[in-house]
Protein chains: 2
Amino acid sequence: MIFSSKAEYGVRLMVELGRQSPEQPTSLKAIAEAERLPLAYLEQVVARLKRAGLVMSARGAHGGYWLARPAEQITMDEVVQALEGAIAPMECFLTDMTERVLCSHTHEPDTGQHCATKLLWMRVQGGIARSLQTTTLAELVDFSRRESAAPVRPVAASAGAASAASPAAAVPAG
Amino acid sequence: MIFSSKAEYGVRLMVELGRQSPEQPTSLKAIAEAERLPLAYLEQVVARLKRAGLVMSARGAHGGYWLARPAEQITMDEVVQALEGAIAPMECFLTDMTERVLCSHTHEPDTGQHCATKLLWMRVQGGIARSLQTTTLAELVDFSRRESAAPVRPVAASAGAASAASPAAAVPAG
DNA sequence: GCTTTAACCGACCCCGTTGGTAGGATTTCC
DNA sequence: GGAAATCCTACCAACGGGGTCGGTTAAAGC
């Protein structure tokens, strides 16, 4: 699996905050209940988001968390990077997230043998980075509002090519 | 890390086979020595490639492995999928590799609450799938030939916007 | 100033996967 | 028959993921 549950929980947490009115703190407990996630674990997750400056907090009664910036100005690569650390397709493949590869992936300094896999991992890296950078938190918030507003529609009913086409069509800019 | 070392080793193995003349078996031992990888572990790796029908083998003395198809007809998503299994950004996010999501990611069947993260993971998934599908083994073989032929050029010399652009320019179709 | 609420912090723990190793069995060529 | 290979199964140590637990600090309301 590419992303751990930290990313999953963290993104859901951010979306939940995005759904609330800004500047008004939401308690972790409320989020944990709404999303049915373990509170104690969420604490660790939100700590990362705070360290990255994506959320702010107030302690004490009626305290909680809120987005540090409007959701439109938060791109998902910031969020995911805060939660998962550097996103690299391979061990030694760290970049500064601007498409520049810091590691040449050489295994033997004497032979000029560069790694044959470099080209591939760079493309994968680029594909991921682009999809994360072009998605904003605001889009996810919108998406979640539309989803929850819609009536319950049973999944996997009428399996086939027709039902397969509809969700893909709703997802451009991938 | 997105991909494990199985993918790394497996891709390198495939590239190595692609460099050899086709239909002539190359022993794992030779590959292990050329790539400085543990032979016993490579056995497990190549077994996956064989099960997926990407390589063929001959036992006994002068046996070895070779590509089941010309490198131009092997896309890297086949290779990576054989090595890593299904590639999904998130646990419950299995697709049939044609952009169709099999899991709706619903956490509570009664509420119509679909997961807010679905949109994001679908985009990421699409970005990865596209970069893997549009890269052929032949390209990597070419790349590796150019790399090893070229003199050793130090990486990250003259850091800046200019150097950041150059590697990206060499990697289209990501 | 007590109580409640909630953020914050650090230690711990179970478990599955990764990245191998070990050892043998089988097949084929010379 | 022996060497060189693929093949196959079992095993193992270490690490990270996914949590839990217990406690501390800070703010608000009475």
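How many helices and strands does chain A have? In this predicted model, chain A has seven helices and two strands.

**Make-up of chain A**

- Read from the N terminus, the elements of chain A follow the order α-α-α-β-β-α-α-α-α.
- Chain A holds 174 residues, of which 37% count as buried.

**Surface near DNA strand C**

- DNA strand C has 23 residues around it, and those that come nearest are Leu28(A), Ser4(B), Ser5(B), Pro38(B) and Gly60(B).
- At least two residues of this surface come from each of the following elements: helix 2 (28–35), helix 3 (39–51) and strand 2 (64–67) of chain A, and helix 1 (5–19) and helix 3 of chain B.
- Helix 3 of chain A provides the largest share of the surface near DNA strand C, with three residues.
- The surface near DNA strand C divides by class into eight nonpolar, nine polar and six charged residues.

**Surface near DNA strand D**

- Around DNA strand D there are 22 residues, and Ser4(A), Pro38(A), Gly60(A), Ser27(B) and Leu28(B) come nearest.
- Helix 1 (5–19) and helix 3 of chain A each supply at least two residues of the surface near DNA strand D, as do helix 2, helix 3 and strand 2 (64–67) of chain B.
- Seven nonpolar, nine polar and six charged residues form the surface near DNA strand D.

**Helix 2 and helix 3 of chain B**

- Helix 2 (residues 28–35) and helix 3 (residues 39–51) of chain B pack at an angle of about 115 degrees, and their axes are 10 Å apart.
- The crossing of helix 2 of chain B past helix 3 of chain B is right-handed.
- On the side of helix 2 of chain B, the contact involves Leu28(B), Lys29(B), Ile31(B) and Ala32(B), which meet Leu39(B), Leu42(B), Glu43(B) and Val46(B) of helix 3 of chain B.
- The residues of this contact comprise six nonpolar, no polar and two charged.

**Helix 4 and helix 5 of chain B**

- Helix 4 (residues 76–84) and helix 5 (residues 118–133) of chain B pack at an angle of about 115 degrees, with axes 6 Å apart.
- Met76(B), Asp77(B) and Val80(B) of helix 4 of chain B make this contact with Ala129(B), Leu132(B) and Gln133(B) of helix 5 of chain B.
- By class, the contact of helix 4 with helix 5 of chain B contains four nonpolar, one polar and one charged residues.

Technical notes: Residues numbered from 1 in each chain as written. Chains lettered and ligands numbered in written order. Predicted model: local features only at pLDDT ≥ 70, side-chain atom pairs only at ≥ 80, totals over all residues. Axes fitted to C-alpha atoms, helices over the stretch in contact; angles between N-to-C directions. Helix = DSSP H or I, 4+ residues; strand = E, 2+ residues; numbered from the N terminus. Left-handed = near helix turned anticlockwise from the far one by under 90°. Contact = placed C-beta atoms within 7 Å. Nonpolar A, V, L, I, M, F, W, Y, C, P; charged D, E, K, R; others polar. Near = placed C-beta within 6 Å. Buried ≥ 20, exposed ≤ 12 C-beta atoms within 10 Å, placed from the backbone.
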